[in-house]
Structure formats: C-alpha cells, structure tokens
Amino acid sequence: MSERTLVVGGGLAGLLAARRHQRGGHRVVLLEAADATGGAIAPVELPGEDAAADLALNAGAEAYATGSGAVDALVAELGLAELVVAPREGLGSRVVSDAGVHPAPGGSVLGIPGNPLAADVRAVLGTRAALRASLERFLPAAVGARPGATVAEVVTRRLGPAVLERLVAPIVGGVHSADPARLEFAAASPPLSAGLAEHGSLTAAVRRLRGGGTASAGTRVRSLAPTLAALPEALREQILAAGGIVRTSVTARAVEGSEAGWVVRTERDESLTADRLVLACPPDTAHDLLAPAGGDLREIAEAIPQAPSAAVRLAVLVLDAPALDAFPSGTGALVAPGTAGIRAKALTHASAKWTHVQRLARTALPSAASPHVVRLSYGRPGEELPPREEIVDLALADASRILETALGPEQLRASRVIDWDRAMRPARPGHRAALETLDELLTALPSARTLELVGSWRAGTGIDAIVRADSATIDPSAPDTSTTEGPRS
C-alpha cells in the first residue's frame with residue numbers, strides 16, 4: 001500500500017510539496033485554511049465597462065526571477081509556456097529618494113552595485129559617496145561580515161551609508177518588506193553572503209553573480225498572462241487529476257506524532273492520519289501546531305525561527321491618463337525610506353511593464369483615451385498602514401510625485417485596495433543559524449515520522465526561491481542562483 005502524505009498549507013510551497021510526494025507514489029491530501037489555494041499568488045478583477053470584460057490583475061506576487069531557470073522549467077512542465085510574458089524592453093525601473101527620481105542602476109544585486117563608479121550609480125549617490133563605495137574592494141572580507149550581521153551593518157561598513165539609504169533600503173523595503181537594520185544579510189541574499197566570503201568583496205561578488213549584465217533587477221523577471229495565478233491553479237489541477245485530494249476552508253488545529261506516523265486534528269473535529277507530514281504554513285502556525293505535542297516535536301517547534309509578519313496594503317489604480325503614455329518611470333519605482341512627500345514604498349506601472357496588461361485595460365475600458373494600471377505598495381516596518389478609506393487619494397498623490405505627472409480623481413476609472421497580512425516574514429539576525437539547528441532536529445526524528453517544514457521562511461523570498469527549494473529536496477546539489485524579483489508593489 002502506498003504511503004499517505006498530508007500537507008497543511010496550500011500556498012505555492014504546499015502545492016509543490018504535494019505534487020512532489022504524489023509523483024513519488026504517495027497518496028496525498030492537502031488542507032488549506034483559506035477558501036482558495038495559491039497563497040500570495042492570487043488574482044483580482046476590476047470591473048470593466050462591460051461585465052464580460054473585467055480587468056484581471058495580480059493581487060499579490062506579479063513576477064518571478066529568471067536567474068536560475070527553475071520557474072521557467074516548472075512552467076514548461078505544467079504546459080503553461082505559451083502564457084509566459086516578459087517585461088516591455090528598454091524601460092527599466094527607477095529608484096526614488098531625496099536625490100530625485102533616477103533610473104535604477106544596472107549590474108546590481110540587492111541594490112549593491114557591481115561598479116560603484118558607473119554613471120547610473122553616481123547619479124543616485126553623488127560622486128563623493130560613489131568614490132567611498134568604490135573603496136570596498138580594498139577592505140578585508142571580514143569587515144562587517146560577522147555571523148548574523150544585518151544588511152545595514154554589512155552594507156554601511158563596506159560601502160557607506162549612501163548605498164544603504166538610496167540603493168539597498170528601497171529594495172529591502174519594497175521586495176522583502178523589511179528594515180535593513182533588522183534583516184539578516186545572509187538570509188536576504190545567500191549568494192551575496194557566500195560571494196563575499198569567496199571573493200573578499202561585495203562588488204566583486206555582484207559582478208560574478210551578474211556575469212557582466214547591466215539590466216536592472218526589474219527586467220530579469222517574467223510573468224504569466226493574464227495573471228500568475230495560472231501557476232498554482234495548474235499545480236492544483238495536476239494534483240487532483242492524479243488522484244490527490246485538495247480541501248480548502250479546513251484549518252488544522254493540532255498535530256500528534258506516534259510510532260505509526262501522524263495524526264492531524266482539524267477545527268471540524270476530524271482526525272486525519274498520515275505516514276508523512278508536510279507543514280507548509282507560516283512559522284508561527286507551525287510552532288503552534290507542534291509545540292503542544294511535547295517531546296521532540298516541542299523541541300522542533302522552539303527551534304523554528306520566528307519573525308513578525310510584515311503587513312502590506314496595496315492600492316491598484318486604473319487611470320485614464322494620456323500623459324502616462326511616455327512611461328515616465330519605466331516599469332516602476334522603489335522608494336527610499338524617509339523620502340519627503342512620498343509614503344508609498346514601491347510603485348509598479350503595470351501597463352507599462354506588461355504589454356498584456358495594457359491590452360487588457362484597453363479591452364476593459366474601450367471608452368478611455370489611454371487607460372493605465374498603476375499599483376502602489378504601503379507598509380514599512382514600524383509604520384501604521386494608511387487607512388483604507390484614505391489610501392486611494394494618498395496613492396494618487398504618491399503616484400503623481402513618483403511618475404512626475406499630475407494625476408487626480410477625475411482620471412481615476414477604477415481602484416481596489418488589497419491587504420496582505422501574513423505573506424512577508426523578514427528574516428531576523430540569527431535566522432540562518434536557526435535553520436541549521438532546525439535541520440539537525442528534523443533529521444534526528446525517527447524514520448517512521450517523516451516531517452517537512454516548507455515555505456518562504458525557509459526557502460527565501462520569491463517564487464524562484466520556493467521552486468528551487470522544492471527541487472533541492474529531490475536534488476540537494478541544486479545551485480542557488482537567486483536574484484531579486486523586482487518591486488513587490
């Protein structure tokens with residue numbers, strides 16, 4: 001009789017784990033507490049002029065990094081290759097700070113430039129700060145690189161405060177929803193951390209990782225049309241077609257381990273048994289499920305690194321604005337913390353970045369002279385989210401400043417406010433060491449109780465990181481070639 005695998009959590013990591021175990025010959029049941037699978041890869045529809053022509057957009061993640069090729073391979077395997085779309089060429093993205101709005105420097109990783117003296121870097125930093133950063137290559141590799149060091153520590157000590165404030169902090173805030181002073185450097189970018197140790201220099205590590213490329217991070221991505229939600233939906237359909245069971249609106253409330261395997265109790269007073277258990281849920285949820293069981297499971301629960309979730313509030317604006325036809329901020333922008341007059345942390349000009357979004361907007365709003373879709377992200381660590389009833393007006397004002405184009409309520413054709421309360425979990429100092437301890441405890445469990453803990457809190461930020469982590473479960477030699485996936489607006 002085939003083994004039974006129970007997966008708790010139906011986000012991307014849970015769906016991938018269910019598929020992996022199913023392909024290994026297991027009978028799979030997946031439980032998801034929400035009413036749909038996919039997690040933060042979700043669609044939203046804005047009403048068009050005709051009910052049959054609503055505008056489908058990404059409500060959460062809107063792109064995946066292409067550096068490793070892992071997601072492209074998965075997409076092709078799922079039969080979705082014809083849906084793949086790339087950003088519009090020649091636009092790039094912007095970085096916004098008190099120094100103004102500038103093209104995002106190319107040839108960088110996590111905002112760290114491979115060539116601090118390049119013209120696009122000097123435009124953002126100024127000559128003095130660029131010269132300071134260029135001296136980084138002469139520093140010993142140990143400078144700023146203590147175990148558990150934060151992004152702010154490493155970048156400030158090696159490259160100077162201007163690089164942190166104007167280049168790195170916008171990406172850390174927009175992509176990781178984190179404060180660089182509280183985000184562990186080794187967890188934020190394992191390849192950069194390893195590269196610093198290997199090459200003795202961050203800028204040298206960036207050049208190696210980028211291979212001499214100068215495109216901005218926001219262009220090294222792809223998506224699916226009309227939305228990325230096609231990816232988790234295809235995984236779900238494949239699991240169902242192979243005989244798996246996917247149950248939504250079912251919350252696990254307790255886990256018990258025994259010599260025979262696992263028992264998971266749900267809020268519906270069900271008791272589900274399995275030979276293998278996969279917890280594909282946030283770290284606090286995994287802790288709360290395991291800790292009451294006591295013994296080695298409590299020890300595992302206490303070893304799970306915890307980090308408070310970073311709440312994000314998105315404002316999606318559909319505008320009739322011919323002035324935006326020139327795509328004044330390219331594909332979008334990341335905003336440095338503390339930039340005067342702007343509260344948003346990121347903006348994506350979706351109809352500029354993706355030609356299919358522009359086509360969909362024109363179809364949904366045929367009477368508009370020039371429809372555009374703009375998405376702004378709010379929610380820096382330590383800041384209260386803007387009130388829902390005020391955020392659309394705030395987003396119009398912020399978009400006007402970022403896009404350097406006057407935008408008002410008279411141009412607004414539709415809007416939507418979207419909240420993500422638990423999607424982002426910035427890794428605190430000590431995160432990598434905690435994961436190593438957790439790996440040791442999981443390995444020490446009796447073979448009859450196979451337990452996996454999966455998710456972005458283990459794999460890293462982004463779709464590519466989650467897909468690579470799932471592949472590495474099968475092939476531990478899979479390389480880490482992660483890159484930034486662009487603004488999380």
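The lining of the second largest cavity has 8 nonpolar, 4 polar and 2 charged residues by class. Here Ala, Val, Leu, Ile, Met, Phe, Trp, Tyr, Cys and Pro count as nonpolar, Asp, Glu, Lys and Arg as charged, and the others, Gly among them, as polar. This is a predicted model: local features need pLDDT of at least 70, side-chain atom pairs count only at pLDDT 80 or more, and totals for chains, interfaces and linings use all residues. Residues are numbered from 1 along each chain as its sequence is written, and side-chain values use heavy atoms, without hydrogens and water.

A cavity is a set of points on a 1 Å grid over the protein atoms alone where a 1.4 Å probe fits but cannot get out; lining residues have an atom within 4 Å of a point. The second largest cavity is lined by 14 residues, and Leu57, Asn58, Glu62, Ala350 and Val357 lie nearest its centre. Strand S4 (55–58), helix H14 (355–364) and S20 each give two or more residues to this lining. S4 has the largest share, 3 residues. Helices (H or I, at least four residues) and strands (E, at least two) are DSSP runs, numbered from the N terminus.

Now the sheet. It is open, with 7 strands in the order S8-S7-S18-S19-S20-S17-S21 and mixed pairing; two strands pair if DSSP finds at least two bridges between them. Strand S8 (100–103) and strand S21 (412–424) stand at the edges with a single partner strand each, so one side of each has no neighbour in the sheet. Strands S17 (residues 310–320) and S20 (residues 371–378) run antiparallel, joined by 8 bridges. Val316 has Arg375 in S20 as its bridge partner.

Technical notes. On a 1 Å grid over the protein atoms alone, a cavity is a set of points where a 1.4 Å probe fits but cannot get out, and a pocket is an open set with protein on both sides within 12 Å along at least five of seven lines; lining residues have an atom within 4 Å of a point.
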